Amino acid sequence: MNANYQAAAQHFPDPFRLLIRDSVDSTNDSLRDLARDGAPHGLVLLAREQRRGRGRRGNTWSAPAGENLTFSVLLRPEQSKPLWPRLALASGLALAEALESYGLQAGIKWPNDVWIGMRKVAGILVEAGEDFVIVGIGINVGTTKFPPEIAATATSLQLAMGTAPACEEVLCGFIQRFAIRQGGIDADFPGLVEAIKQRCVLSGERVMLQTSSGPKSGVVKGIGSGGELLLDTPDGTESLIQADEVRIIS
């Protein structure tokens, strides 16, 4: 794909601006270095090739060059730092809304994945710095074959739609929605949570997950008012602020 990203970036709302690198190890790591050197709020770093992309828990993010979108967004939020983790939910919602503009039914797998047809199409990795936040996004756009270890659980816009939209179009659509949603982690958070609830793919599902206090399993009741996962367990309903490796089990 010969994507014209600079032309698409002309349609970014202020203050978002695009920086393109041909190849990086990780867009999150590269953008963190720029942030520490004083890069401004709204800088979007996109890599045509990401050699060592990662997801949560250090997992590798597979992103063949020219097929997918890998980029990170630098934020210097006005909101207090305890609210910054909510940016993962805001990012997932913005991406789901952007994909829905193509007629797709996008779902949000709490806390950081976007699904189509119960398969992962995108992942989000939010990492906080001293006075900034990096939101890393990986979107499977044109991939038709995945590594064996994720082939049964991954999908792409190409597979879901038959013909994938242009990568630069998907990027611009996300930034336009994210510009709206990233400010909703404070007073407007109830509305953001309600929109996430409508797209939560885990509601009613039996899941197993890892938490800081060990593994847990139960049936997901939904998303709470603070963005937490509500899990029905043998010991009652638990509210989980954060969890890793959330898996649906039969």
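Helix α3 (residues 87-100) lies across β3, β4, β5, β6 and β7, and runs at about 145 degrees to β6. Such angles run from 0 to 180 degrees between N-to-C directions, with axes taken as lines fitted to C-alpha atoms, for helices over the stretch in contact. Contact here means heavy atoms within 4.5 Å. Helices (H or I, at least four residues) and strands (E, at least two) are DSSP runs, numbered from the N terminus.

This is a predicted model, in which local features need pLDDT of at least 70 and side-chain atom pairs count only at pLDDT 80 or more, while totals for chains, interfaces and linings use all residues. Residues are numbered from 1 along each chain as its sequence is written, and side-chain values use heavy atoms, leaving out hydrogens and water.

**The sheet**

Now follow the strands across the sheet. Seven of them form an open sheet with mixed pairing, in the order β1-β2-β3-β7-β6-β5-β4. Its edge strands, β1 (17-24) and β4 (106-109), each pair on one side only. Two strands count as paired if DSSP finds at least two bridges between them. On average, neighbouring strands of this sheet are turned by 20 degrees against each other, direction ignored.

**Helix α2**

Helix α2 (residues 27-36) also packs on the sheet, where it touches β1, β2 (43-50), β3 (69-75), β6 and β7 (133-139). The direction of α2 makes about 25 degrees with that of β3. Which residues of α2 are buried? They are Thr27, Asn28, Ser30, Leu31, Arg32 and Ala35, where buried means under 20% relative accessible area (1.4 Å probe, protein chains only). These buried residues pack against β1, β2, β3, β6 and β7. An α-helix has 3.6 residues a turn, so residues three or four places apart point the same way.

Serine 26 caps the N-terminal end, with a side-chain oxygen 3.3 Å from the backbone nitrogen of asparagine 28. After α2 comes glycine 38, whose phi is positive, near 100 degrees.

**Antiparallel pairs**

| Strands | Bridges | Opposite residues |
|---|---|---|
| β5 (residues 113-116) and β6 (residues 119-128) | four bridges | aspartate 113 and glycine 123 |
| β8 (residues 206-211) and β9 (residues 214-223) | six bridges | valine 207 and glycine 218 |
| β9 and β10 (residues 229-233) | four bridges | valine 219 and aspartate 232 |

A hairpin of two residues joins β8 to β9. Between β9 and β10 the hairpin has five residues, and glycine 227 in that turn has a positive phi of about 85 degrees.

Notes. Buried < 20%, exposed > 50% of the residue type's maximum accessible area, 1.4 Å probe, protein only. Polar contact = N/O pair within 3.5 Å; in protein donor to acceptor, adjacent residues only side chain to side chain.
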